[in-house]
Amino acid sequence: MDMLREELQTPVTGTYDVVVAGGGIAGIAAALAAARHGAKVLLLEKQYLLGGLATAGLVTIYLPLCDGMGHQVSFGLAEELLRASICMGAEAEYPKAWLENGSVEERMQQRFRVRYNAQLFAITAEKMLQKEQVTVLYGASVCWTQVEDGKMTAVMVEHKSGREAIRARAFVDATGDADLYRLSGEETVLFAPGNILAAWYYSHGQNGFDLNVLGLAEIPEEDRKEASRPLISRRFQGVDGWEVSEMVQFSHDQILRQVMERRKTDPSYVPATVATIPQLRMTRRIAGISTMDTADDHVEKPDSIGLIGNWKKAGPVYAVPFSALHGHGIRNLITAGRSISATDAMWDVTRVIPACAVTGQAAGTAAAMTGDFSQLSVETLQKVLLEDGVRLTLGEIGLTGKS
């Protein structure tokens with residue numbers, strides 16, 4: 001392979017308590033939590049819109065905060081961000097039973113989920129971060145990391161001003177692809193089956209403004225009998241830039257095909273907005289100290305940092321262990337969102353908005369507390385999370401857990 005040798009001297013342009021890489025839901029929650037606990041926080045986002053898949057990716061469904069049996073399971077920032085997403089009005093599926101003191105019976109008939117406007121949610125989240133004095137750097141991609149004596153000391157970013165280095169005491173990898181872990185040489189795991197093509201977009205026509213769901217998420221093996229036919233036969237791992245660029249073009253082709261077909265009967269039908277990032281769900285995750293699995297349903301975890309439900313089915317509740325958020329190597333690096341340590345089947349449960357908010361709040365809180373997660377007292381972290389409104393055990397929400 002033809003290679004060029006680079007000689008680089010990168011200026012250090014900032015020092016923070018906490019650097020959060022990735023401005024999706026996990027990154028937003030992590031930055032908010034860290035700042036609210038007194039940390040000086042920098043949030044790096046490679047796009048020019050916060051929210052990741054939840055906004056720029058047009059996956060505008062805030063999946064359930066409940067177990068489908070009438071019990072709310074995710075609290076804290078997970079609920080705060082849901083309310084923020086619809087502070088100017090819900091787009092669809094307004095959860096009246098949950099937001100207007102409905103009975104348990106009513107809550108059992110309607111899950112605690114909502115559809116929201118992507119652009120309003122993104123700007124609302126930006127205002128929330130500004131209120132907490134979080135510094136947001138848009139257009140910034142992490143391209144390298146510096147690690148010394150088992151700790152990350154700096155990240156190198158490239159943006160409009162060029163290449164810069166940022167120092168911090170603690171780092172949160174909320175990239176969705178475990179990019180900081182990979183760049184630092186830490187063990188990561190790819191989602192081997194790859195992602196099916198998705199091409200969600202919004203349209204406007206005779207029936208008004210609407211979300212068009214072209215292509216769904218990955219279907220775990222045990223659920224594949226219910227899977228709809230993929231848009232195309234090819235799958236995408238999502239960690240190669242050339243492949244991802246092809247994927248985006250395939251999605252645009254699918255959108256154009258549907259638009260042209262619908263314009264035959266509705267000449268006013270046009271796309272109102274298309275996703276500006278690839279609609280990838282599961283790509284690369286960390287190999288954590290512990291790995292979550294669907295068998296953990298209703299199992300209490302001594303190092304729980306929050307609870308999540310299963311968006312696909314009613315009943316399951318999972319305690320998320322702190323040990324699934326960090327690995328055995330770099331001591332001041334932690335992850336949040338869809339790159340936490342989980343089996344393939346569980347990955348499809350933990351990748352969605354409520355789990356991203358729950359893990360983001362825990363990671364940001366922990367990062368504000370220490371620069372060495374291996375030495376952090378989980379009991380102290382749990383105490384702070386409880387004070388911030390998070391529920392950690394099934395007993396706290398009226399359910400019986402298994403040890």
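Predicted model: local features only at pLDDT ≥ 70, side-chain atom pairs only at ≥ 80, totals over all residues.
Residues are numbered from 1 along each chain as its sequence is written, and side-chain values use heavy atoms, leaving out hydrogens and water.

Alanine 178 has a positive phi, near 55°, though it is a residue other than glycine. Its relative accessible area is 0%, so it is buried (under 20%; exposed is over 50%, partly exposed in between, with a 1.4 Å probe and protein chains only). Glutamine 133, also not a glycine, has a positive phi of about 65°. Glutamine 133 is exposed, at 69% relative accessibility.

Now for charges. Side chains of opposite charge can pair when their charged atoms come close. The structure holds 18 salt bridges, each a side-chain nitrogen of Lys or Arg within 4 Å of a carboxyl oxygen of Asp or Glu. One of them joins glutamate 91 to arginine 115, with the closest N and O atoms 2.8 Å apart. Glutamate 91 lies in the loop between helix 2 (77-85) and helix 3 (96-99) and arginine 115 in strand 4 (residues 114-115), so this pair ties together parts 24 residues apart in sequence. Arginine 115 is buried, at 13%, while glutamate 91 is partly exposed, at 25%.

Terms used:
Helix = DSSP H or I, 4+ residues; strand = E, 2+ residues; numbered from the N terminus.
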